[in-house]
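Hi everyone, thanks for coming. Please have a look at the structure on the screen, and I'll walk you through a few parts of it.

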Amino acid sequence: MVKNIIDVRNLSKSFDISSKEPGLKGTIKHFFQRQTKSIEVIKNISFEIKEGEIVGFLGANGAGKTTILKMLCGLIYPSKGSILVGGHMPFRRKENFLKKITLIMGQKQQLIWDLPPIESLYLNASIYEIDKFETKKRIQKLSEMLEIDDELFIPVRKLSLGQRMKSELLAALIHEPNILFLDEPTLGLDVNAQRNLRKFLRKYNEETNATICLTSHYMKDITSLCKRVICVHDGSISYDGKLDQLLKKLSPVKHILVVCRSEKDATKLENSGFTIKNKTNNEITIIVENNSTTSSLKKILNNFDIEDLYINEPPIDEIIGRILIKKNYDI
Amino acid sequence: MIFSLINRKIYTLLKVQYSNMMEYRVEIALWAISGIIPFFMLNIWTNNNLNSSINISAIMLSRYFLCAFFVRQFSVVWVVFSFEEDSLMGKVSPYLIQPLNPFFRYFAQHLAEQITRFPFALIIAFFFFIFNPESIWIPSLGVLFLSIISTFLSFLIQFLIQSIVACLCFWTEKASSIERLLFIPTLFLSGLLAPVASFPEYVKSWIYFTPFPYLIDFPANLLSGNPTNVSLGFTIQILWVLLLFPVFKKIWSAGTKKFTAMGS
């Protein structure tokens with residue numbers, strides 16, 4: 001049985017935020033009498049993550065997903081509740097715990113700006129007490145996986161965003177952590193760089209059985225890496241489960257665009273009992289339930305003279321967008 | 001094995017920070033030049049014959065100000081500004097989840113900067129001796145050794161004070177403004193502008209209870225050969241380090257609990 005590597009119970013986090021009324025009057029009032037209010041950004045959440053799982057945290061901006069990651073890696077203290085990551089309480093930041101984890105934040109860098117990444121790699125290796133021989137071996141292995149080589153010897157400031165991100169990953173993984181916290185790792189990267197990064201993360205997960213917690217606004221990151229998602233809405237968990245189950249639930253239908261040979265055929269199809277989404281000339285879009293897609297297709301192919309046919313699912317971004325604004329999904 | 005790994009950690013940290021500082025060698029040369037306040041002060045003192053009022057010869061006074069320049073060069077601290085910027089930009093977060101207190105990075109940065117600064121300071125001293133050949137002297141090895149230790153302790157005291165102030169970044173975003181307040185007594189009471197011996201008696205009655213005279217005055221007097229109580233100076237320097245270190249640890253521990261990881 002696969003054991004839980006992350007165990008979160010009744011976790012809450014509040015921040016004190018100062019508020020100021022607009023205008024000069026508000027500014028003067030704020031100067032003499034600063035008003036702060038406590039905002040609960042994470043509200044009594046509980047979940048477990050198993051070793052080797054890749055879990056995507058979904059939520060709108062400000063929903064609280066990054067705060068959850070920051071608490072999981074020990075950057076910030078929880079206000080209430082308990083967290084165990086790899087058997088450790090993260091906020092104690094014990095050396096044994098820190099050696100097991102890494103946090104990568106898109107567009108936030110730990111590499112030394114004016115030096116080539118290789119210098120930061122050796123520095124990180126010495127911080128994590130990895131000997132020279134092992135460091136070289138790991139750099140070689142990871143740079144092969146990331147397809148990065150000469151770039152390691154060019155000052156960071158001269159690297160492209162994609163090359164920099166690869167180097168950041170290398171620096172963050174030099175100590176071979178088995179729990180990765182990734183906060184929008186593909187932010188700002190082009191399509192190819194995003195794809196390569198996803199490929200690398202999948203491979204890293206397969207080879208090391210590392211647990212990965214990921215937040216991203218790029219749905220492709222989530223769909224291609226995560227089987228399980230945790231949806232965060234206004235500090236609470238609105239859904240925790242399999243991604244495909246969620247998508248099925250939210251999108252129980254498919255759209256079939258049928259291009260008929262003539263407008264007459266299209267009209268005939270329109271009146272044949274299917275649910276019609278729209279019709280223009282000889283093109284007609286019908287809506288079928290997922291479980292009757294095959295039988296519907298058979299019926300169309302056997303009974304109508306058609307020129308072409310396209311099966312579409314509603315765009316995943318649209319579906320996920322719907323998740324982000326809803327409070328609860330009971331699946 | 002463990003010791004060799006720790007040594008490698010320190011060595012790599014210093015080596016990498018030195019490489020980084022070498023990228024800024026021109027700026028460091030300019031910073032070194034900008035630290036010539038003691039020479040201006042020397043000019044004011046000698047032109048107005050003020051040395052006689054404190055029973056110190058012109059030569060000894062010029063040596064004092066040269067040594068004050070050197071001590072200042074190797075004890076200057078800016079950790080509060082680095083930490084404040086890193087906190088606001090969210091750079092502290094990745095450092096916090098590494099098994100090394102981020103202040104070790106800043107400490108190594110300062111040491112590396114001092115090493116980079118060394119040749120420039122020597123060049124400035126060379127020019128000083130060209131214009132003041134009568135001030136040339138060679139301190140004994142023992143005095144040089146003690147002066148280096150005392151300068152390092154001065155650096156350590158200033159580093160700890162600024163690190164404590166830097167930790168206030170966890171509560172306020174502009175901790176450097178507090179450092180500005182400390183800059184004034186550091187400038188006037190440390191001996192950078194005038195030897196502490198020249199201060200009025202009522203100032204001298206309490207100033208030695210503060211860390212300031214041990215930042216410039218004590219190491220500069222030691223190196224220049226002016227009379228000073230060596231054992232008392234070292235004792236008080238060490239006491240300040242021992243007092244400030246737990247305060248830093250306490251405020252660091254409290255601050256990290258308050259950390260909100262802003263900017264990241």
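Let me begin with a definition: two strands pair if DSSP finds at least two bridges between them. Strands themselves are DSSP runs of E with at least two residues, helices are runs of H or I with at least four, and both are numbered from the N terminus.

With that in hand, look at chain A, where four strands form an open, antiparallel sheet in the order β11-β12-β10-β13. Its edge strands are β11 (275-280) and β13 (306-312) of chain A, each of which pairs on one side only. On average, neighbouring strands in this sheet are turned by 20° against each other, ignoring direction. For such angles, axes are lines fitted to C-alpha atoms, for helices over the stretch in contact, and the angles run from 0 to 180 degrees between N-to-C directions. β11(A) and strand β12 (residues 283-289) of chain A run antiparallel and are joined by five bridges. Across from A:Lys279 you will find A:Ile284 in β12(A).

Before going on, a word on what we are looking at. This is a predicted model, in which local features need pLDDT of at least 70 and side-chain atom pairs count only at pLDDT 80 or more, while totals for chains, interfaces and linings use all residues. Residues are numbered from 1 along each chain as its sequence is written, and chains are lettered from A and ligands numbered from 1 in the order in which they are written.

How confident is the predictor? pLDDT is its confidence in each residue, from 0 to 100. Chain A has a mean pLDDT of 87, with 97% of its residues at 70 or more; for chain B the mean is 89, and 97% of its residues reach 70 or more. Within chain A, confidence is highest in strand β4 (residues 80-85) of chain A, at 95, and lowest in helix α12 (residues 316-324) of chain A, at a mean of 71. The model scores ipTM 0.83 and pTM 0.84.

Back to chain A. An automatic or database domain assignment gives domain 1 (4-248) and domain 2 (252-312). The C-alpha centres of these two domains of chain A lie 45 Å apart.

There is also a six-stranded sheet in chain A, open and mixed in its pairing, with the order β5-β6-β7-β3-β8-β9.

Strand β8 (residues 228-233) of chain A pairs with β9(A) in the antiparallel sense over six bridges. A:Arg228 stands opposite A:Lys242 in β9(A), and A:Val232 has A:Ile237 as its bridge partner. The hairpin of β8(A) and β9(A) has two residues between the strands, and A:Asp234 takes a positive phi near 50° there.

Over to chain B. Helix α8 (residues 141-167) and helix α11 (residues 217-224) of chain B pack at an angle of about 170°, with their axes 9 Å apart. α8(B) and α11(B) are therefore roughly antiparallel to each other, a label given to angles over 145 degrees.

Finally, how do the chains meet? Residues are in contact if their C-beta atoms, placed from the backbone, lie within 7 Å. By that rule, 25 residues of chain A are in contact with 22 residues of chain B. On the chain A side, α4(A) gives the most, with five residues.

Key
Contact = placed C-beta atoms within 7 Å. Parallel < 35°, antiparallel > 145°, perpendicular 65-115°, else oblique. pLDDT = per-residue confidence, 0-100.
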